[in-house]
Amino acid sequence: MNTVKHNYTTMPEPPRCTGSIDSRELRFSRAMIFAIEEINNSTELLPGIKLVYQIYDSCASVPVAVHVAFQLSNGLDPVFYTGDNCLQSGMVMAVVGESGSSPSISMLRIIGPFNIPQVSHFATCACLSNKQQYPTFFRTVPSDQFQADALAKLVKHFGWTWIGAVRSDSDYGNNGMASFLDAAHREGICVEYSESFYRTHPRSRFQRVADVIRRSTAMVVVAFADFGDLRLLLEELLLKPSPPRQWIGSEAWVTDTELLRFSFCAGAIGFGIERSVIPGLRDFLLDLSPSEVAASPVLTEFWEDAFNCRLGKNAAKDERLCDGTEDIKTLQSPYTDTSQLRITNMVYKAVYAIAHAIHKAVCQKTNSTTHCDKFTRIESKEVLTQLKKVNFSQNGYDVSFDANGDPVARYELVNWQKSQSGRIEMVTVGQYDASLPVGQKFRINKNLTWGDGGTQVPVSVCTDSCPPGTRKVLQKGKPICCYDCILCPEGEISNATDSPDCFPCPKEFWPNAERDTCLPMPVEFLSYNEILGITLATFSVGGACLAIITAAVFYRHRTSPIVRANNSELSFLLLFSLTLCFLCSLTFIGAPSEWSCMLRHTAFGITFVLCMSCVLGKTIVVLMAFKATLPGSNVMKWFGPPQQRMTVLSFTFIQVLICTIWLGLSPPFPMKNLTIYKKRIILECALGSAIGFWAVLGYIGLLAVFCFVLAVLARKLPDNFNEAKLITFSMLIFCAVWITFIPAYISSPGKFTVAVEIFAILASSFGLILCIFAPKCFIILFKPKKNTKKHLMNKNQS
């Protein structure tokens, strides 16, 4: 459109259009004529009434649309032709149009107050659903709000979270993109850039937007733009192609066949109005007689532009005249292309909606006959009221309006695919139906192809997805889709992709190496299946066998002087207690149970006290025997065998009493220790009462110290009577073992605590049996000559 300056003193010239005619828009207007002629020839819809019309070219311009709206409202130009068949001369009943949202809004501001209904076939701005501002507006095309939601779900479906956005700087583009960005934000999609442009902007604006697309890291570009605006941007991109981009289109351009020539947009996908079939329309479009073309300036312009010739005799020298051989049937143009009737069907339905509203206002049905009174005077307000109630089906397509004047939103998912011949074709690959339940609205039923012709979905993310075992940490100053993947802390996992947080494993569980699954912690205890357990068990059984063998040797030579010299009964009782000491260490190996925990400590305490009592008895016997050899001594009668037995039983009974109180008040019990190691469970016996445990050990230590003191007192006895020396040495080993046991026991972790206790039991037991019985067995078996009373009583023999 030409830009003129006004001086406000003279009437300005009407705005005029510039540029070539839009063949697609011409098809829309011809479809309206076709529908009106169908209605006028119908015997069911408005029988006996003829609809007339006037078509205006708004040039997709707001000023021109405003000028037309004023003409419609003030009656400067006749709108209807006069005649007997006219419903009402000079009165506008309804308006079909406009294609754009901004011109439609401008027209509504003018004709809306006159209650003239306006039914648009292509104005999709969600803002037009506001009935407080636009109460007279209806449309047969769905609102952009539905399309914006569908586009956001489409982008999310393919996993694209990092996109670019471009839009027309108009009501259609700005409102549509705003709705899309809101929906995208709800879906967790981030936008790297959002640029606007309009066909009247300078070229530098398009160059800047094209440069932004070329430099961006987002592979996906969502374009909410009008066909004419986007064409200028694509032409700019064609001069210096950008890296491959996946285009996502709104219905305003993605179903426009004129844009298929831009090959770098191959693979584009978007939602379009459902493709339809209008019987008879193609024949009507191709049925243009020369007289009809010559009578219409618009058709004349189209004909001359399509065939590159001039009608009439006013052709210039370098132009040829149309000679009548032009065949419109051979013309390849959006006007003749009826393979993709989408918006055209919206025009068709808009005309029929108005006709049905007029029909309800002037026609009545009696029996099976419909009678219409063509002389009934109706106002546009009545048509407006009836439009809100229309609900019919035409050619299988339902037509109705909701409270906002919107139809049910149904879209086809369109994919630009390269054919075998190399041409780009529009292929319907899916549907979107807003009336279906959530989860069923969107479906894809065919394979899509992308820009490179392949079927692999392109990737468009700011950051690759964080795998399980990591969590997302947002990058400072960037959108939420840009983040770093941080490994979960020790003891925590994430089992989902792009997890924002890690969570700790349940008790008794620990993460695997990838930190995406919690596995049961391995339970650790000293078992018979490991080398340490087998070794300790072997020494335990070996020590018990050694004690039994020693007892067998002593029993075989029980009448020999060396066996009888120091109370053989105490020796056999000591060997029995040592056997129990060796065997009680076996209770410490294996999985702790309630009974094994109580048995291991009490058995250990009682058997060792029995052992110490026997050693103590032997030490006292040695001292008494030495005293008995002195002249006039009668001490042995006070410490004979009965007294020795009573001593052993008394000392042992005290330990039994301590253990009974311990078990009665707070016995040991099995427990799972989770504090020593993070990655495994230590199955151990808790002491129950630490006082009870240390009382048992303390009593054993008290007896050991008492034995050691008495043995030291007897160290100066004659050499051949060396029982006291052997006991002294054994007590030294015993005390040394158990003194070092205390810090080792406290500091050893897990199953090694049990191993230290077993080692102390075995070491002290071996020390006793080797120090006390090994020399005697050596004499019995290898030095029988020394096993005589004479040798034992010889105090001077070394």
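A residue counts as exposed when its relative accessible area is over 50%. In this predicted model, Arg-423 has a relative accessible area of 53% and is therefore exposed. Arg-423 forms a salt bridge with Glu-425, with the closest N and O atoms 3.9 Å apart, and Glu-425 is partly exposed at 35%.

This pair can be seen alongside others, as the structure holds 19 salt bridges. Another of these joins Glu-292 to Arg-30, whose closest N and O atoms are 3.1 Å apart. The two residues belong to distant parts of the chain, 262 residues apart: Glu-292 sits in helix α10 and Arg-30 in helix α1. Glu-292 is partly exposed, at 31% relative accessibility, whereas Arg-30 is buried, at 3%. A further salt bridge connects Glu-508 with Lys-672 at 3.3 Å between the closest N and O atoms. Glu-508 lies in the loop between β19 and β20 and Lys-672 in strand β23, so this pair ties together parts 164 residues apart in sequence. Arg-199, Asp-226 and Asp-229 are linked in a salt-bridge network.

Turning to the helices, α3 (residues 101–111) is largely enclosed by the rest of the structure, because 10 of its 11 residues are buried. The elements covering these buried residues include α2, β1, β2, β3 and α5.

Helix α18 (residues 641–665) contains Phe-653, which is exposed at 52%. Together with Val-656, Leu-657, Ile-661 and Leu-665, Phe-653 forms a nonpolar surface patch with about 500 Å² of accessible area. Helix α18 also packs with α19 at an angle of about 170°, the axes being 9 Å apart. The two helices are therefore roughly antiparallel. Residues of α18 that meet α19 include Phe-651, Ile-654 and Trp-662.

Notes. Residues are numbered from 1 along each chain as its sequence is written. This is a predicted model: local features need pLDDT of at least 70, side-chain atom pairs count only at pLDDT 80 or more; totals for chains, interfaces and linings use all residues. Side-chain values use heavy atoms; hydrogens and water are left out. Patches are made of residues with over 30% relative accessible area and no salt bridge: like charges are joined within 9 Å, nonpolar side chains (Val, Leu, Ile, Met, Phe, Trp, Tyr) within 5 Å. Accessible areas come from the Shrake-Rupley method with a 1.4 Å probe; for residues, only the protein chains shown count as cover. A salt bridge is a side-chain nitrogen of Lys or Arg within 4 Å of a carboxyl oxygen of Asp or Glu. Helices (H or I, at least four residues) and strands (E, at least two) are DSSP runs, numbered from the N terminus. Buried means under 20% relative accessible area, exposed over 50%, partly exposed in between (1.4 Å probe, protein chains only). Axes are lines fitted to C-alpha atoms, for helices over the stretch in contact, and angles run from 0 to 180 degrees between N-to-C directions. Angles under 35 degrees count as roughly parallel, over 145 as roughly antiparallel, 65 to 115 as roughly perpendicular and the rest as oblique. Contact means heavy atoms within 4.5 Å.
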